[in-house]
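Student: I have a model open and would like to talk it through with you. Could we start with the ligand and then move on to the rest of the chain?

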Amino acid sequence: MSSASTYPPNLSNDRRLAEIRERFLTAESVEPNEVRNTILASWWRSRRWNVAADHIDLAYVRDPELDSPLTRSALPVLRHLREHLDGQPISIILTDAAGVVLTRLAADHDLDRHLDSVQLAPGFSYAEGSVGTNGIGTALEGGQPAHVFGHEHYAENLENLGCAGVPIQHPISGKTIGAVDLTCWRKDAGPLLITLAKTTADQIRQALLTDSGVREFALLREYLRACRHTAGIVFALNHDVVMMNEYARQVLDPADQTMLLGQAAEMLASRRPSPIVTELPTGIKARLYCRPVNADDVLAGGVVHVKLVELAKLPAGDARVAPTFLPGLVGSGPLWLRGCQRVDACYEAGEWLALEGEQGVGKMAVARAVYRKRNPTGRFHVLDAVDAAYPDWLVQARRELLETEGSLVIRHLDRLDDRRLQALSAALRSAHATGRQRSLWVVVTLNRRHQTGDPTELLRLFPSTIELPPLRHHIEDLHELVPFFLAKFSHDGQLACTPETMQLLLRSSWPGNVEQLRQVLRRVVQHRRTGLIHPDDLPPECRTVSRRLLSPIESMERDAIVQSLLDCEGHKAKAARSLGMSRATIYRKIHEYGIVTPSNVPGPRRSS
Ligand SMILES: Nc1ncnc2c1ncn2[C@@H]1O[C@H](COP(=O)(O)OP(=O)(O)OP(=O)(O)O)[C@@H](O)[C@H]1O
């Protein structure tokens, strides 16, 4: 009968096991059925880690942490077991998740002395990487109960011991937080040792559940009380649990959340008095108040209040002084400025211009500002294709094109069907033929997403098309646009947003762009005329926020993915192919950017 099939090995095949181990250590071959698979696998690992098989010489790792949830819950269970063992020579050992011995309950004198000599003592690590195959390290390495008898141990100094180790998983988080191990003389070891170790581990898990239940209940109670008493940012945390109110999730970027949780955990661990002021990754300053919560004189966690105290410092300087080179407009984001500069250059060159962009991005505003900069009192005509009465509208367009001096903006070209586009094209062509472009600057504005007819023919008369970026691609300009509109709408110009409100505005996606922002602020000012605008003053449309603040590049990537999904009718693999990305990448990005697929992808749909 092989050693692998008799368990635990009896004294006759114990000798055989010693030979097999010897052969393994001298690099001779060992057949899988000669020794249990789990032991052979552990021997191989021990060899790879260069563990010494002929001696044990461990370094002291650290003083054991005896005031942790594990030790507090486990020690009463272990003491109870000690009493029941009633003086039998079995040592009861508790380790942390790294295999460092936290405590060893005394057995009898001889066994204790021997365990001291092999450094199976508090502060030393019995991880597999330190001493090779053993009950503690092998259980932790395999994530399951392990019993190791006599010569199955890798280190020969352990050959007269038998041990049974069981990992302990936290009942709530499921994380392995330590191991319990029963060790006795090899001659006394039997199959019941592992049964007893498993029962003990179960009892420890049960105690952890009861104890953490009491602590977590106390924490939950205090957290809910804090939420009832404040409308601001509240969260609660301990080793295993984090609770965060809806408001905190909305207002704080995930990077800011992570940083605040880290700070709060540190404050709790070091019992540092609060409040502290800290600068968050998005540049905002926050003040943290952390209140420890105790249950039965044991720290159960902490409840944290956060106040955002100061907005990010902008490179552009004071947000209220808007640096712009176009009259009546603000914004200094590179994408926005580049668009404005290109329009300006077009005017300088005397070229007719097609201005593209999503609804409300400021196409007309830029055309007007560029013209006004040079011609403060010149004529600035606007013809809007929306709700125009045809054919009168076309008659008027023809007249303006032939007679007007100054500039003419034809808005919402996308609303004209093919027939009207052709008629307008003909009128533009005749004006062009008579050299009108020298005295009249014509700008057409269009939003490709709403296109009704095909403007290709008409656009041939316009040497260039410039696209203005959507607000989410130059979201940093909100720091200038918000004070600009508030100053416009409030009477005394004293209205401002709290940092929390500003964070919410910054994280909105603004599908209606600057015009939507303008409308939102106009509505807010109808209710709040002086002082500070709080998040509650904002309409619900500002409550749908992205998971985090996206950089301009990221929001462009998100838009490209959304558009491609629309084009491919929600088919992710096709969309990925058309963007030249892998399927795994598109799935990850869809999740990361919170894109909804397939039928209700956010963003305006192309009309057919
Ligand atoms: N950078 C800016 N600074 C100040 N106000 C702006 C700015 N951009 C846009 N606005 C204002 O936002 C509003 C919307 O702009 P505008 O009407 O020019 O958008 P649009 O792109 O032409 O819209 P549509 O798509 O409907 O044609 C206007 O009141 C405009 O004055």
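**Around the ligand**

Tutor: Gladly, and please keep in mind that this is a predicted model. The ligand is surrounded by 20 residues, and the closest of these are G362, K363, M364, A365 and V514.

Student: Which elements give two or more residues to that shell?

Tutor: Those elements are the helices α11 (363-374), α15 (478-489) and α17 (513-527).

Student: And how do the shell residues divide into nonpolar, polar and charged?

Tutor: The shell around the ligand holds eight nonpolar residues, eight polar residues and four charged ones.

Student: OK, zooming out now. How many helices and strands are there in the protein chain?

Tutor: The protein chain has 20 helices and 17 strands. Of its 608 residues, 38% are buried, and among the contacts with a separation of 6 or more, 69% are between residues 24 or more positions apart.

Student: Which residues touch the most other members in the largest nonpolar core?

Tutor: That core has 86 residues, and V343 and L353 are the ones that touch the most other members. If residues up to four places away in sequence are not counted, L353 touches V343, C346, V443, F462, S464 and I466. Apart from this core lies another, of 52 residues, which includes V51, V77, V100 and V101.

Student: L353 is in β11, I think; which way do β11 and β14 run?

Tutor: Strand β11 (residues 353-356) and strand β14 (residues 440-446) run parallel and are joined by four bridges; within this pair, E356 stands opposite L446 of β14. Strand β11 also pairs with strand β15 (residues 464-467), again in the parallel sense and over four bridges, and there the bridge partner of A354 is T465.

Student: Changing topic: what is the phi of D86?

Tutor: Phi of D86 is near 50°, which is a positive value in a residue other than glycine. As background, most residues other than glycine have a negative phi. D86 lies in the loop between α3 and β1 (90-96), and it counts as exposed because it has 6 C-beta neighbours inside 10 Å.

Student: What about H412, buried or exposed?

Tutor: H412 counts as buried, because 21 C-beta neighbours lie inside 10 Å. H412 is also not a glycine and yet has a positive phi, of about 55°, and this residue is found in the loop between β13 (406-411) and α13 (418-433).

Student: There's another histidine I had marked, H55. Where is it found?

Tutor: H55 is found in the loop between α2 (37-48) and α3 (69-85), and it counts as exposed because it has 9 C-beta neighbours inside 10 Å. H55 and N157 are 102 residues apart in sequence, while their C-alpha atoms are 6.4 Å apart in space.

Student: Last one, R23: which residues is it in contact with, leaving aside neighbours within four places in sequence?

Tutor: On that basis R23 is in contact with E28 and V30. R23 lies in helix α1 (residues 11-25), and it counts as partly exposed because it has 13 C-beta neighbours inside 10 Å.

Notes. Residues are numbered from 1 along each chain as its sequence is written. This is a predicted model: local features need pLDDT of at least 70, side-chain atom pairs count only at pLDDT 80 or more; totals for chains, interfaces and linings use all residues. A nonpolar core is a set of buried Ala, Val, Leu, Ile, Met, Phe, Trp, Tyr and Cys residues joined through C-beta atoms within 7 Å. A residue is buried if 20 or more other C-beta atoms lie within 10 Å of its own, exposed if 12 or fewer, and partly exposed in between; C-beta atoms are placed from the backbone. Two residues are in contact if their C-beta atoms, placed from the backbone, lie within 7 Å. A residue is near a molecule or strand if its C-beta atom, placed from the backbone, lies within 6 Å of it. Ala, Val, Leu, Ile, Met, Phe, Trp, Tyr, Cys and Pro count as nonpolar, Asp, Glu, Lys and Arg as charged, and the others, Gly among them, as polar. Two strands pair if DSSP finds at least two bridges between them.
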